[in-house]
Structure formats: structure tokens, C-alpha cells
Amino acid sequence: MSTWLAERKNSLIEKYRSVIREKAIAQAKVEIAMAGKYVTDYDQEQLEVIVKAQEDKIVQKYRNSTFVVLLLVLGIA
């Protein structure tokens, strides 16, 4: 039973990370286009840094949203 739960948890975490990664890649492409550049203007390491920064922004946004909802539910905000 605990093995099944652990596998299920890992599966959900990987799915979550995959969705965030895809959103981050899309946002990174927009950011690059708005800078007047092309994806091919960057090497792999630079693209990875840009995508990682976008991932961090997405995760932070979700954390802030979750925190605000929690405060609202508790009647603090």
C-alpha cells in the first residue's frame, strides 16, 4: 500500500513539474521575442537559465496564491 502511495505521489509530482516546465518554456519564448531576439541567439545554458527563472516565477505565483487562499479560508485576510 505504501509503495503504491509513494509511486502515485511521485507520478503527481512529475506531472506537476512537467506542466510548470511547459508553461515556463512558453513564457521564456515570449520573453525572448519581446527582447527582439530569437531562441537560436542563445546557447543551451542561457536558455536553461531563462526557463529556470520563468519556472521560479510560476512557482512563486502559485505559492502566493495558495497562501492568500489559505488566509481567506481562515478569515485572517
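Reader: Is glutamine 54 buried or exposed?
Author: This is a predicted model, where local features need pLDDT of at least 70, side-chain atom pairs count only at pLDDT 80 or more, and totals for chains, interfaces and linings use all residues. Residues are numbered from 1 along each chain as its sequence is written, and side-chain values use heavy atoms, leaving out hydrogens and water. Buried means under 20% relative accessible area, exposed over 50%, and partly exposed in between (1.4 Å probe, protein chains only). Glutamine 54 has a relative accessible area of 5%, so the residue counts as buried.

Reader: Which residues is glutamine 54 in contact with, leaving aside neighbours within four places in sequence?
Author: Contact means heavy atoms within 4.5 Å. Glutamine 54 itself lies in helix H2. With neighbours within four places in sequence set aside, its contacts are Ala24, Gln27, Ala28 and Glu31.

Reader: How many helices and strands does the protein chain have?
Author: Both are DSSP runs, numbered from the N terminus: helices are H or I with at least four residues, strands E with at least two. By that rule the protein chain has 2 helices and 0 strands.

Reader: Which residues make up the largest nonpolar core?
Author: A nonpolar core is a set of buried Ala, Val, Leu, Ile, Met, Phe, Trp, Tyr and Cys residues joined through side-chain atoms within 4.5 Å. In soluble globular proteins, nonpolar side chains tend to be buried together. Here the largest core has 8 residues: Ile20, Ala24, Ala28, Ile32, Leu47, Ile50, Val51 and Ile58.

Reader: Which helices each supply at least two residues of this core?
Author: The core includes Ala24 and Val51. The helices that each supply at least two of its residues are H1 (2-34) and H2 (44-74).

Reader: What is leucine 47 in contact with, beyond its neighbours within four places in sequence?
Author: Leucine 47 is one of the residues of the largest nonpolar core. Leaving those neighbours aside, leucine 47 is in contact with Ile32, Val39 and Tyr42.

Reader: Which residue meets glutamate 48 in a salt bridge, N to O at 3.0 Å?
Author: A salt bridge is a side-chain nitrogen of Lys or Arg within 4 Å of a carboxyl oxygen of Asp or Glu. Side chains of opposite charge can pair when their charged atoms come close. Glutamate 48 is partly exposed at 35% relative accessible area. Its side chain meets that of arginine 21.

Reader: How far apart in the chain are glutamate 48 and arginine 21?
Author: Their side chains meet in a salt bridge. The pair links distant parts of the chain, glutamate 48 in helix H2 and arginine 21 in helix H1; the separation is 27 residues.

Reader: Which residues are linked with Arg21 in a network of salt bridges?
Author: Arginine 21 is partly exposed, with a relative accessible area of 25%. The network links Arg21 with Glu48 and Glu55.

Reader: What is the N to O distance between arginine 17 and glutamate 14?
Author: Both residues lie in helix H1, 3 residues apart, about one turn of the helix. Arginine 17 is exposed, because its relative accessible area is 52%. Glutamate 14 is partly exposed at 48%. Their side chains meet in a salt bridge, N to O at 3.6 Å.

Reader: Which residue meets aspartate 56 in a salt bridge?
Author: Aspartate 56 is partly exposed at 40% relative accessible area. The N to O distance is 3.1 Å, and the partner is lysine 52.

Reader: Over the face of which residue does lysine 61 lie?
Author: A charge sits over a ring if NZ of Lys or CZ of Arg is within 6 Å of the ring centre and within 35 degrees of the ring normal. Lysine 61 is at 5.7 Å from the ring centre of tyrosine 62.

Reader: What is the radius of gyration of the protein chain?
Author: The radius is taken over C-alpha atoms, and the globule rule is 2.2 Å times the number of residues to the power 0.38. The C-alpha trace spans about 45 × 40 × 15 Å along its principal axes. A compact globule of 77 residues would have a radius near 11 Å, but this chain has 17 Å.

Reader: What percentage of the 77 residues count as buried?
Author: Threonine 40, in the loop between H1 and H2, is exposed at 73% relative accessible area. Over the whole protein chain, the buried share is 14%.
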